[in-house]
Amino acid sequence: MRLDISYDGTDFSGWARQPERRTVCGVLEDTLAQVLRLPEVRLTVAGRTDAGVHATGQVAHVDLPAVPEAYRLNRALPGDIRILGVSEVTKDFDARFSALRRHYTYRVSDAVVEPLQRNHIVAWPRPLDVSLINAAAQTLLGTHNFVAFCKRREGATTIRELQRLDWHRSEGILVAEVSADAFCHSMVRSLVGALLAVGEGKRPIDWPARLLTAEARSSEVTVAPAHGLVLTKVDYPAPEDLAARAAETRNIRTMAS
């Protein structure tokens, strides 16, 4: 079964289940097991989100004996998490490995942030020049080793194809639209942190791109706050291409390939 999920990450310690902590995965798995009267439920997610990060288009898959009704599950879930839809998919569907790309937005304001928005928009203390940010952002597009912007995980590659990184102002809020085939741990927030340094005039336009030659995570990059980030959508290929995509994704990439 494919689950489409939305959540406010403010009071969650991220997606992944952790002992003694409230997590999105933990709440979902426990609730599904309770409502469906199963001994346990195990979810596979498209992309793990960190503590404080939100989602409007998260995707997970799970093996269940029958298709549950979303409204039954939502009645048992807390108000900061909702299942938007449940659909039966083929056995080739893998929420993580079949994904073509993930889409995120990041919101930051260099003006006053209303109290009701404080958990979803980052308040920035200095003026930001969106033209400088976009000029720097365009130099990061393409397939690169983003190790300078990632927290390394054992056995995982940091080579990614960054497909979109656009910024615009909307009603005084700076909004970043970020898309890639996949993201390594803390990559989006690190990219945002580097670009905000350019936008406030602390770094030159070519500085973020120069970091792409690094061989380790850069201590110069500040990770932007989690609460400005939202996972908005995950793209998948046609059903007949799911297995091939999953096999391709499981191969650890190198820059030579």
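**Notes on the predicted model**

1. The protein exposes about 12,700 Å², and carbon and sulfur atoms supply 49% of that area. Keep in mind that this is a predicted model. Of its 257 residues, 49% count as buried.

2. In secondary structure, the protein has 6 helices and 10 strands. Its radius of gyration is 19 Å, close to the 18 Å that the globule rule gives for 257 residues, so the protein is as compact as a globular protein of that length. Taken along the principal axes, the box filled by the C-alpha atoms is roughly 55 × 50 × 35 Å.

3. Contacts reach across the sequence. Counting those between residues at least 6 apart in sequence, 70% join residues at least 24 apart.

4. Strand β1 (residues 2–7) pairs with two strands, β3 and β4. With β3 it runs antiparallel, joined by 5 bridges; L3 has A60 as its bridge partner in that strand. Strand β4 (residues 81–87) also runs antiparallel to β1, with 6 bridges between them. In that pairing, Y7 stands opposite I81.

5. D50 carries the UniProt feature "active site", from an unreviewed entry. The residue sits in the loop between β2 (44–45) and β3 (54–61), and β3 is one of the strands bridged to β1. Is D50 buried or partly exposed? Its relative accessible area is 22%, and the cut-off for buried is under 20%, so D50 counts as partly exposed. Leaving aside neighbours within four places in sequence, D50 is in contact with G14, H185 and R189.

6. Which residues does Y104 touch, apart from its neighbours within four places in sequence? The contacts are T49, A176, E177, V178, F183, V188, L229, V230, L231 and T232. Among them, L229, V230, L231 and T232 follow one another in sequence, as do A176, E177 and V178.

How values were computed
Residues numbered from 1 in each chain as written. Predicted model: local features only at pLDDT ≥ 70, side-chain atom pairs only at ≥ 80, totals over all residues. Heavy atoms only, no water. UniProt positions renumbered as here; feature names shortened; annotations may be inferred. Helix = DSSP H or I, 4+ residues; strand = E, 2+ residues; numbered from the N terminus. Buried < 20%, exposed > 50% of the residue type's maximum accessible area, 1.4 Å probe, protein only. Contact = heavy atoms within 4.5 Å. Pairing = 2+ DSSP bridges. Rg over C-alpha atoms; globule rule 2.2 N^0.38 Å. Areas by Shrake-Rupley, 256 points an atom, 1.4 Å probe, with all protein chains shown as cover.
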